[in-house]
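This report describes selected local features of one structure. Please look at the sequence and the model before reading on.

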Amino acid sequence: MEKKVYDKLEDTILNLNVETISTDRKKVLQPIIDFVQSKVTANKDANINFICTHNSRRSHLTQIWAQTLANYFNFKNVTTYSGGTESTAMFPMVAETLKNTGFEILELSESKNPVYAIKFNDNTNPIIGFSKKYDAKFNPASGFAAIMTCSQADGGCPFIAGAEKRIPITYDDPKMFDNTPQQAEKYQERSLQIATEMFYIFSNIKK
């Protein structure tokens with residue numbers, strides 16, 4: 001039987017503990033469950049665009065973990081995207097953190113804004129990671145859920161054109177630990193928090 005994810009990644013997923021999510025936080029996440037559930041029930045595609053300011057850290061982590069866990073729970077109609085209010089580059093520590101968790105990361109282009117192929121198993125199309133604006137041609141134009149992953153983008157973008165739903169689930173930025181001895185630890189901490197919450201979301205959607 002084909003493995004859903006690489007072995008090391010499966011170990012990471014099996015060690016996620018949804019009991020660490022508070023009741024208040026579960027209420028914040030519930031609208032995403034409701035959105036995806038409505039699409040699954042109607043047998044429609046569920047497109048989710050995770051939006052932050054620079055599309056460099058949190059929006060990538062949420063996009064990648066959400067796509068991975070949607071596949072892990074066998075929701076084939078879920079496709080995740082990410083974007084920023086401006087484009088910069090996916091921060092290298094994000095790729096490093098994901099690699100340490102069990103993903104395979106291939107750098108497809110070297111530039112100021114590199115393009116990465118992020119794989120969670122050998123036989124599923126990779127997630128393509130690079131920084132872009134949330135309304136870039138690469139992303140859906142309508143009928144998607146806009147998930148605001150940082151308070152700056154949430155406050156600065158009260159309206160996202162084409163979004164069917166707009167849901168804020170903001171995360172603290174690991175950027176504040178860049179170039180400190182705690183950098184790797186704090187990126188891993190944020191990545192696992194996001195993974196745990198995405199696991200909670202997709203484990204609560206009924207087929």
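## Threonine 20

Threonine 20 sits in the loop between helix H1 (7–14) and helix H2 (23–41); helices (H or I, at least four residues) and strands (E, at least two) are DSSP runs, numbered from the N terminus. Its relative accessibility is 60%, so threonine 20 counts as exposed (buried means under 20% relative accessible area, exposed over 50%, partly exposed in between, with a 1.4 Å probe and protein chains only). The side chain of threonine 20 reaches the backbone oxygen of asparagine 17 at 2.6 Å.

The model is predicted: local features need pLDDT of at least 70 and side-chain atom pairs pLDDT 80 or more, while totals for chains, interfaces and linings use all residues. Residues are numbered from 1 along each chain as its sequence is written, and side-chain values use heavy atoms, leaving out hydrogens and water.

## Salt bridges

The structure holds seven salt bridges, each a side-chain nitrogen of Lys or Arg within 4 Å of a carboxyl oxygen of Asp or Glu. One of them pairs glutamate 197 with arginine 25, with the closest N and O atoms 2.9 Å apart. Glutamate 197 lies in helix H6 (residues 183–203) and arginine 25 in helix H2, so the pair ties together parts 172 residues apart in sequence. Both glutamate 197 and arginine 25 are buried.

Aspartate 173 forms a salt bridge with arginine 58, the closest N and O atoms being 3.3 Å apart. Arginine 58 belongs to helix H3 and is buried, with a relative accessible area of 9%.

## Helix H3

In helix H3 (residues 58–72), 15 of the 15 residues are buried, so the helix is largely enclosed by the rest of the structure. After H3 comes asparagine 74, whose phi is positive, near 70°.

Terms used:
Expected span 1.5 Å × (residues − 1). Polar contact = N/O pair within 3.5 Å; in protein donor to acceptor, adjacent residues only side chain to side chain.
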